[in-house]
Every structure is written in structure tokens, then in C-alpha cells.
Amino acid sequence: MTAISVKNLSKYYEVHQKEPGLVGSLKSFVLRKSYDVKAVDDISFTIESGELVGFLGPNGAGKTTTLKVLSGLLYPTGGEVSVLGYTPWQRQAEFQRQFALVMGQKSQVWWDLPPMETFLINKEIYEVPDAQFRDTLDELVQILELEKVINVQARKLSLGERMKCELLAALLHRPQVLFLDEPTIGLDVVMQQNIRNFVREYNARYGATVILTSHYMRDVEALCDRVLIIDHGHLVFDGDLDTVVRRYADYKFMTVTFESPVAESDLATYGAVVAYRPRTTTLRIARNAVPQVSAQLLQDYPVLDLNIVEPEVDDVVRQLFSGGKPAYAEVVS
Amino acid sequence: MLKSFRKLRAIFLASWQESLMYRAESLVWFIGEAIIPLIMIALWLAAYRTVDRIGEYTVQDMVHYYVMFLVLSNLLTPHLEWNTGEWIRSGAFSAHLVRPFPYQLWQLAVEVAFKGVRVVFLVPMLLLFFLLFGQEMLGGFALRWEIAPILLASMVLSFLLNYCLKLCLGLLAFWVGQTDGIIESYAVVTMFLAGSIIPLDLMPAAVERVTHFLPFRYLYFFQVQLLQGRLDFLSALSALAIQVGWLLVCYLFVQWVFAAGVRRYGAYGG
């Protein structure tokens, strides 16, 4: 069953142009030039219920804008959107009771009160029957390990605990669609993992449709079977994440710091040189060759430091969009 | 109907609890608000050393005026313009828009709940004023029993009217980047036009006339007039009708502003 249907969605923002400096300010006071920023430009896709989909793309790509249109926060400039049969920006209460939006770093949980108070409010606002509330609450508290936390003032909780409470608050009404906007941003590695596991479990248990935006490759890797890559407002890729990773991110970057300078030509034998400095160089190495190459380098040279880094989503996406070699030059440690 | 009540009650109870965390701040705000009336009373007491009557006011009326003004403005003024503007600017407003409950009602429940803490400070403050100006204060009361229901109704209407005005002010954040300056200016201007600084009927005739075309005289001044028995039953009733009219206008206006603002809302903050 189709949960979300998007046809030719466009969202343009009018932005005012101003020349720098005082003359520019005066000029723009009298005559303001404006141009359209195409945050989202003719995007179409459908999502079936129960799918776990990731919107991937660099900052400013348009993924959050798309999410905001889907949740009814923004009116599109053009196109048709249907979520659970509703037009999101009409913001009907019936519709809003069926989805949840969780925004990383934006808190819904009341700061000065224990999270439990927020849960009780949500129970009423979302018209959750008493029995269902109790069951869902017990279940989620258990999965998220929040027993000790829900009756402590939110401001006394750690960021990770607060984020888990945010999720709990959002899921009390068992929404059919869950929008997650950068849910793991600012969290430590362990907490990121916890959140990912939880979302996956929630999707498995309740069959909820989950849409996640992130610029962390790891979020998407861990959670999403299907990925929509959005760049500069365009839908660049829609399909299996495996395909994306295999095809476009089958390499890693290795940054090596040597005790004494090494010639660029010597290093070229180990891998493609991305950024060269006599003492510190970044190489691009095929994923499966990383162990051998690092072992070899450590053997052949006096190495002070060796740093292995995953390719950035930005890089992968840029590659997809340009269809050619990505611009490695920016990746310098 | 019952569902709406439960929702409002839930918000109210949580807000009530939260307001208790701001006891200390509330006291500080209260003290700050009391300063101007105290200064004005001191000023007028000096003025009344040489005259018995200024306009329609005896010295008792005057002291009573400022004390009642303080009480009423404390009870009937919501302060949602600051949070509203802040949330719109930061994008936190999105959480309110996504919720199946109108923001306008949500904040109303919050504001009513926060008045609870204020009331607690009202009593000792009134006692203090009574100790300072006891005799003078009581002399100003002239509330007739038939006016009492009109007074109560006008107080409720005043709160709602004020709420609409303040909400509008906060919603300006949809269009204007920095609303702090506008909010401050509004506060200063309305202080005069509402009668906080000088009784409206003692202002220059031209200014006094202008206040009849604005909603501000119905926020606190109207109520003080009732308390001082300055309006007969029919005048009071017709003034109440005008107040209702203003509430209707402001209500419709704020709904329109809200809808227009949401259309424009860029949901900033990523």
C-alpha cells in the first residue's frame, strides 16, 4: 500500500540579492533584486508503507525541505503530494495524529519538567486510549532503557537520554509514518548506534514507514534499505543502498604522516595520491586493499600516524551528480 | 468537547508545574512592574499637597488608580510575544505546527496557568501597598453591585484581547527578523495609551480621543473606571459591547495573520 506519493514536487525560495558594502546596502534599499533558489526541483517518488527510506545528500541539498513538505510544514511551489491519503500542508488534525516528526537538536520535551509530563500531554493531544498508552509506554521505556530517566527533569538529562525521550514522546501514539530529521546529530557514537537500533526495531515491530534524513553515511547504512539521494534539489539516485556503496564508495582515504619527507612518486605506487605534502599525504585506496596497503606502508616507511577515513557522502553524491571523478582535493586532513 | 477540555487541562497542568519553577523570576518581574506605579504615586502625592482635586480624581482616587492598575496588569497581561517570536526564528515552531492542536489555544492554556504564580505574589504586594497607603487606597473603591458582573466579564475579555494582541506581536517574526525592538516599542507606546502612566482622562484631549479608536483603553483603564464607579450601568454595558467588538476584530485579525504567516514560514534552522 502506498504511504507516500510525491509527483513533480518543487519548492523555490525567493532570495534577495545584495551587493556587498555600504553602496550595496543603499542600492538594495531602493531596488531589491531577487532570484529564486530552487531548494527542491521536480522530485517524484513513491514510498510503500513499512519501508525504511533514507534521504541522503550534502547540506543544503533539499532533503530537509522535502521532509518539511511531507510533514506539512511547507507549502510547495508546485507538484502533488499525498501522505497517508492526505495533503500534508492542509494540516488536518486527523492526518497529524498519524505521523510523527522528530528533529535532531530541536526539543519537544518540556525542559523544566520530567519527560513523563510531556508524555501525558501527548497522550491527550493525540487522543491515545489509556490502555494503549500504558502498553506503548511500558514497551518503549523498556526498549529504550529509560526507566530511571522519565521522572527526572529533562534539563538534568544527558543529550542522549533527552533524544531517546524525544523519540518516545513522538512514538506514543504509534504513528504510521515517522519522519526523522538528522536524529543522531550531535550524539556520541554509542548513542548514535542505540538510536539506529531502536528505529530499526520500531520499524520491524510496528511496520511504520520511516523516512530519515541524514548526512551521516553510517545512519543510512545501518538503517535504510532504500536511499533517495538528493543534491541541489534534484533526485539523483533512488534505489538500493548496496548499489550506491558498491558502485560509488568502494574506496577509503588514508592519511599518512611520516617521520621524514617522502616523494610523491614513491607514494603513488600504494594508491592514488589525493593530497600531497612531503610529510603528510592522503591516498585513495580501494576498500578491500586497505589492510594490505597500510601494512605495507608501515613496513616500508617510518610512519608517525596513519588515519583511515570513510568517503564523505558529499563526495559520493558529487560523484554521482557529476558522473565522473569526485573532487578529492578538498579532502585534506 | 470533552476531548478538548482534557487536552487543555493537560497543557494547563504541565504549565502550572513549570510556572512553579519560575517563582523567583516571577517575583523579580513583579517588583520591576511595581516600580513605575510607586514612582507615579509619589509624584501625585506631591502634586496633591496643594490641590484637593485634579480632573475627576481626588488623592485617594489617584493612589487607588495605580494600585489597581498594577493588580490588573499583573493579572491580565500575557507575555507570549517573546517565546512565540523566538520559536518562529529558531524553527522550534515546527513542533507546534506539526501537532494536532492549534498553537493559539496551546499558548492560551500556558498563559492562564502562568498567572497562578503571579497571583501568589499579588497578595503580599497588596498588603504592602495597603500598609503604605491604606486609607487613601480604600477611599478609591466605589464598585456598585450591579457593575460587578460587568467588571468580571470585562476582565476575562481583557485577558483574551491582550492575548490576541500579544500573539499578533509574536507572529510578526514570520516577516521580521528581529522583533525585539518592535516588542519593546509596543510596550512603551501601549503603556501610555492604556493609561499605565497617566489616567487617560487626564491626558491632552486629542490623545484621549485617539484612545477611543484603539483597543488599549479596554485592557485595564476600563476596569479601573468600573472599580471607581465612574460609569453608570448603561455606559458600562455599552463600553463592554465595544470591548467585545475589539476582541472580535483582534481575534479575526490574529487568525488571518497566523494563516498568512504559516504560509510564509520557512521553517528555518535547517
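Let's start with what "buried" means here: a residue is buried if 20 or more other C-beta atoms lie within 10 Å of its own, exposed if 12 or fewer, and partly exposed in between, with C-beta atoms placed from the backbone. By that rule, 39% of the 333 residues of chain A count as buried. Keep in mind that this is a predicted model, in which local features need pLDDT of at least 70, side-chain atom pairs count only at pLDDT 80 or more, and totals for chains, interfaces and linings use all residues. Residues are numbered from 1 along each chain as its sequence is written, while chains are lettered from A and ligands numbered from 1 in the order in which they are written.

Chain A holds twelve helices and 13 strands. Both kinds of element are DSSP runs numbered from the N terminus: helices are H or I with at least four residues, and strands are E with at least two. Along the principal axes, the C-alpha atoms of chain A fill a box of roughly 70 × 60 × 45 Å. The chain is divided into domain 1 (2-9 + 47-246) and domain 2 (251-309), with bounds that come from an automatic or database domain assignment. Taken over C-alpha atoms, the centres of these two domains of chain A are 40 Å apart.

Now for the sheets of chain A. Six strands make an open sheet in the order β5-β6-β7-β3-β8-β9, and the pairing is mixed. Strands β5 (99-103) and β9 (234-240) of chain A stand at the edges with a single partner strand each, so one side of each has no neighbour in the sheet. From one strand to the next, the twist averages 15 degrees; angles like this run from 0 to 180 degrees between N-to-C directions, and axes are lines fitted to C-alpha atoms, for helices over the stretch in contact. To count as a pair, two strands need at least two bridges between them, as found by DSSP. In chain A, β6 (residues 177-181) and β7 (residues 209-214) pair in the parallel sense over five bridges. Look for A:F179, whose bridge partner in β7(A) is A:I211.

There's another open sheet in chain A, this one with four strands in the order β11-β12-β10-β13 and antiparallel pairing. Its edges are β11 (272-276) and β13 (303-309) of chain A, each with a single partner strand, so one side of each is left without a neighbour in the sheet. Here the twist averages 25 degrees from one strand to the next.

You can walk across this sheet strand by strand. Four bridges join β11(A) to β12 (residues 280-286) of chain A, and the two run antiparallel; A:A272 stands opposite A:R284 in β12(A). Next, β10 (residues 251-258) of chain A is joined to β12(A) by seven bridges, again antiparallel, with A:M254 and A:L283 as bridge partners. Finally, six bridges join β10(A) to β13(A), which run antiparallel, and A:T255 stands opposite A:N307 in β13(A). In the loop between β11 and β12 of chain A sits A:R277, which is partly exposed because 14 other C-beta atoms are within 10 Å.

Over to chain B, which has eleven helices and two strands. From the N terminus on, its elements run α-α-β-β-α-α-α-α-α-α-α-α-α. Of the 270 residues in chain B, 35% are buried. A compact globule with 270 residues would have a radius of gyration near 18 Å, and chain B, at 20 Å, agrees with that; this radius is taken over C-alpha atoms, and the globule rule is 2.2 Å times the number of residues to the power 0.38.

How do the two chains meet? In all, 22 residues of chain B are in contact with 26 residues of chain A, where contact means that the C-beta atoms of two residues, placed from the backbone, lie within 7 Å. On the side of chain B that touches chain A, α1 (2-21) and α5 (93-98) of chain B each supply at least two residues. The largest share of that side, nine residues, comes from α1(B).
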